[in-house]
Amino acid sequence: MIHPKTEGKTWRFTGENKVRTILALICWTLVIIFLYTISSHSINYFAEQVAIIEARSQFKKDLAFRQWATGHGGVYVPVTTTTPPNPYLSHLPLRDITSPDGTRLTLMNPAYIIRQLNEQYAEMYGVTGHITSLKPLRPENKPDLWEQRALQAFEQGAQEELEFTEIKGEPYLRLMQPMITQQGCLKCHAQQGYKMGDIRGGVAISQPLATILAQKQKSAITQKMTLVGLWLLGALFIVTQGRQVNLSQLKQEKALRELQQERDMFMQGSVMTFTWKDDAKWSVAQVSANVEDVLGYTPMELLDGSKPYGAIIHPEDQERRMNAVRNATTAKQKSFTHAPYRLLTRAGDVIWVQDHTTIIYNAAGGISHYQGYLVDISETMQINTELQENKDRLELIINGANLGTWEWNIQTGEVVFNERWAEMIGCTLSEIKPHFSHWKDRLHPDDKEEIIRTLNNHLEGKSPIYMIEHRLQHKSGSWVWVLTVGRVFKWDDNGKPLMAVGIHMDINERKQAEQELAKAKKVAETANHAKSVFLSNMSHELRTPLNAILGYTQLFAGDLTLSPKHQQGLKTIHQSGEHLPMLINDILDLSKIEAGKIELVKTNVHLPQFLQGIVDIIGIRAQAKGLDFRYELDPLLPTIIEIDELRLRQVLLNLLANAVKFTDQGWCLFQVKAQPAGTDLVQLTMNIEDSGVGIKKEMQEEVFRPFQQTGERLKYAEGSGLGLAISSELIQKMQGKLQLTSPINVPPQDGEGPGCRFSFSIIVPTSATLDSTPQKTPAVTGYTSIGDDGKPKKVLIIDDHASNRAVLRDNLQPLGFITKELADGSKILAVCKQFQPDIILMDLKMPNVDGFKATEQLKSHPDLAHIPVVVITASSNKEHQSKAYCQAHGFTAVMTKPFSLVNLLEILAQQLNLQLHHAEGTLIPTPRDEKITLPPQAILNDLKAFAQSGDITSLSTAIADLAVLESCKYQRIAEQLRQLAEDFLLMEIEKLITHYEKD
């Protein structure tokens with residue numbers, strides 16, 4: 001229920017507010033620790049002191065009765081079975097007498113009297129008393145080991161012995177004080193050799209502690225639960241702890257009141273009895289022997305007037321005490337109790353006493369003297385002082401936190417509010433009815449049912465606290481939001497809740513901020529949805545024409561009639577066309593990242609082979625620019641790792657391509673380090689460095705934002721400006737962080753720039769096996785049907801774009817497929833009945849009847865439902881490409897545009913049970929009407945050696961030199977070799993050279 005207040009400002013965890021929040025949390029924690037320490041100490045100390053006070057009270061009661069009986073020399077009582085003659089008084093001639101009426105009486109000495117009192121008292125209250133001595137008259141009075149040690153200590157001068165122990169498995173406090181021989185004692189014990197003032201023995205009190213310890217345990221458990229709840233709920237700590245302290249104080253006061261009600265004046269602790277004369281000095285006529293234990297003055301010093309009682313009253317309390325006496329005598333009161341006042345001991349210490357005085361009047365109605373008993377309550381006053389200080393401290397904290405508080409009497413409905421509670425609803429305390437109904441009437445109608453249900457759950461014990469956010473009606477008629485937290489802290493004997501306490505915190509501004517945030521979120525979600533729809537539509541519109549472009553480039557790549565120049569131009573068209581889907585994918589990836597929808601798909605990857613493929617690609621680019629490309633590989637590099645190969649390749653190609661692109665002279669470095677990170681785990685650290693244009697310090701954050709190119713890098717206009725933004729996000733997905741350092745080339749060499757370093761570390765699992773190794777697939781030249789009559793397969797192409805239909809037709813018909821085309825799905829049933837296709841290639845988004853409806857019609861027809869449907873779509877929606885989605889809508893497979901001819905043919909082979917025919921030898925044939933001039937054999941041998949060793953850099957250099965050798969005499973073969981080298985077809989290079997050598 002308690003929350004820190006933000007002082008009218010919307011809470012933002014930035015800058016100074018963040019520091020304040022941390023400091024506030026630290027302060028709250030320190031306050032809790034402090035209060036826990038103080039409260040625990042108070043509970044333990046109070047429990048021990050209550051036990052000691054009660055034990056001393058029992059002893060003083062025992063001693064007072066014993067002194068009374070001793071002073072009267074014993075009591076004659078009728079002889080009964082429970083009170084037979086005392087055999088240990090047989091030496092007394094008058095132990096047994098007969099009354100005039102013939103009743104037989106026997107003398108009960110003080111020990112006999114007290115023994116019977118203790119036995120009856122033990123049955124009533126569980127407190128046992130035991131008189132003992134090192135020389136006991138009765139064997140039953142023989143001391144046990146602890147009593148024996150105590151008696152021996154008294155012989156050495158000790159005045160009291162205490163021990164917390166167990167008796168028959170129950171906790172007890174044992175207390176013992178010495179018993180001094182007085183004149184009345186010699187009547188029975190003179191024969192043992194005792195003299196006046198000797199330590200005759202001791203009186204032991206065994207005080208049961210079960211009730212006190214149970215109360216202490218209950219208080220301790222309550223305190224711990226309260227503090228844990230306070231720590232979790234922040235400011236709720238303040239009120240609950242404050243009420244806990246109050247509860248402890250109430251329990252203490254209740255315990256003291258019960259003790260006063262159940263015991264007479266001799267059971268109140270360290271009790272001193274006085275008789276005062278009616279004079280100005282308050283001369284003492286009688287005082288109990290224990291006055292010296294408490295005040296340090298001997299009874300004689302007080303009795304002979306050398307130390308009048310009035311002289312030991314604290315000067316600041318004398319007038320107040322005299323006024324109390326004066327008022328009582330004026331009112332002719334028989335007795336009265338002083339408010340606690342202070343006395344000064346011989347040592348100069350100050351003690352607090354509770355003074356109960358009885359006024360003794362003479363026959364004439366005047367004052368004869370005063371009698372009273374004083375209880376030393378110094379320890380109680382000290383505890384009260386500490387509790388009041390804690391209470392005051394908690395009140396300061398509550399006021400500082402600006403919280404509204406309430407205390408509810410559940411039985412009567414009365415509620416005590418503080419001023420802050422009233423301020424929250426625009427009122428003063430005088431305007432608020434201090435009753436539960438006032439709060440209930442101000443509840444918002446929409447909140448009332450839930451509030452009452454939550455409150456009742458707590459009152460019924462179903463929840464540890466009552467906490468809810470709700471609205472209260474302001475004095476102006478508006479509604480304010482508050483956080484309410486409360487807790488029952490008092491129950492009756494039947495477990496029915498009696499009292500509850502809690503707080504209110506004003507959270508109106510936070511709620512308003514949440515509402516504004518919800519509105520902003522809704523606007524952002526709407527805008528994000530609109531952006532996603534736009535990107536999806538644009539992706540579809542761009543992929544549709546690209547499908548035709550890339551489809552025909554794949555088709556013409558196998559045309560043997562094209563010259564190398566045309567083949568090169570076709571390859572340029574294909575590469576340029578592939579660049580556009582890359583840009584589209586970058587934009588879609590960014591959109592997915594922003595929406596939190598991108599996911600990593602991990603597979604087993606052959607890491608050295610994977611890295612070498614990237615190095616080969618980038619190495620050629622660096623070679624073309626004349627850069628020194630360096631590749632440093634850690635010898636501890638694992639062979640197989642589990643990672644999203646596609647995304648890691650995307651990151652590395654982005655970073656390495658940038659390094660080459662933004663470096664005109666000098667070098668580029670790709671460094672991979674590895675170190676163990678646990679069982680079957682390795683940490684990979686990848687550094688990409690260059691000596692390029694670098695990035696200024698003030699712009700180093702900008703480059704990670706989408707569509708950003710800064711400074712010198714602006715002149716390299718190629719690219720979408722998304723690479724670094726996407727790479728950074730993907731590395732975060734891999735639990736790493738992309739870091740940028742620039743400059744690193746200090747001082748740079750001539751012609752070099754300051755350079756950059758991009759680095760990141762990721763932890764990946766290692767594996768012993770690899771799922772699959774990608775293989776290059778030769779061109780398909782035809783197919784054979786397996787298990788049928790070998791008839792050509794019929795393919796129905798349904799697409800609203802003629803170019804898309806044409807590219808599929810022109811790719812499939814040369815391979816032996818029979819095709820038929822439709823512009824939408826409206827005639828699918830009629831055409832299928834007539835054409836009887838073996839498979840359908842279907843677009844999704846079409847006018848009239850789209851791919852979904854057309855497939856639904858097909859699958860609902862009993863004679864046509866068996867025809868497989870392969871979707872070829874420009875949609876970027878990953879859901880449309882999932883296996884579950886395909887099955888749910890009747891599709892056999894899904895391909896995206898621009899499609900891959902190889903993938904399409906593999907799907908057709910799988911669905912139609914075909915065996916594909918692949919071309920053998922080079923994928924780039926030489927036209928037969930063109931003559932190739934071969935270079936010297938030594939050059940050919942070098943080229944084959946470079947290809948066999950995989951030295952792409954040396955191979956590319958040798959091919960470039962060959963192209964210009966002897967006035968470009970060997971340009972044709974150099975061009976063929978260059979194309980193969982760019983595609984990393986090293987075995988094809990060897991085959992091509994061997995083929996020419998044979999010819």
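User: How do you know that Gln836 lies in the loop between helix 21 (828-835) and strand 29 (839-842)?

Analyst: Gln836 falls between those two elements, given that helices (H or I, at least four residues) and strands (E, at least two) are taken as DSSP runs, numbered from the N terminus. This is a predicted model, in which local features need pLDDT of at least 70 and side-chain atom pairs count only at pLDDT 80 or more, while totals for chains, interfaces and linings use all residues. Residues are numbered from 1 along each chain as its sequence is written, and side-chain values use heavy atoms, with hydrogens and water left out.

User: Why is Gln836 called partly exposed, and Lys332 exposed?

Analyst: Buried means under 20% relative accessible area and exposed over 50%, with partly exposed in between (1.4 Å probe, protein chains only). Gln836 has 42% and is therefore partly exposed, whereas Lys332 has 54% and so counts as exposed. Lys332 lies in the loop between helix 10 (315-330) and strand 10 (335-337). Lys332 has a positive phi of about 55° although it is not a glycine, and Gln836 also has a positive phi of about 55° without being a glycine.

User: What makes strand 20 and strand 24 edge strands?

Analyst: The open sheet has 5 strands in the order 20-22-23-25-24, with mixed pairing. Strand 20 (628-633) and strand 24 (739-741) each pair on one side only, where pairing requires that DSSP finds at least two bridges between two strands. Strand 22 (residues 667-678) and strand 23 (residues 681-690) pair in the antiparallel sense over 10 bridges, and Gln671 stands opposite Asn687 in strand 23.

User: How do you know that helix 17 packs on the sheet?

Analyst: Helix 17 (residues 607-624) touches strand 20, strand 22 and strand 23, contact being heavy atoms within 4.5 Å. Its direction makes about 170° with that of strand 20, on axes fitted as lines to C-alpha atoms (for helices over the stretch in contact), with angles from 0 to 180 degrees between N-to-C directions. Helix 18 (residues 645-661) also packs on the sheet, touching strand 20, strand 22, strand 23 and strand 25 (756-765), and its direction makes about 20° with that of strand 23.

User: Why are 9 residues of the lining of the second largest cavity called nonpolar?

Analyst: A cavity is a set of points on a 1 Å grid over the protein atoms alone where a 1.4 Å probe fits but cannot get out, and lining residues have an atom within 4 Å of a point. The lining of the second largest cavity includes Trp406, Phe417, Leu455, Thr484 and His504. Ala, Val, Leu, Ile, Met, Phe, Trp, Tyr, Cys and Pro count as nonpolar, Asp, Glu, Lys and Arg as charged, and the others, Gly among them, as polar, and the lining accordingly divides into 9 nonpolar, 2 polar and no charged.

Conventions: 1 Å grid on protein atoms, 1.4 Å probe; cavity = no way out; pocket = protein on both sides within 12 Å on 5 of 7 lines; lining within 4 Å.
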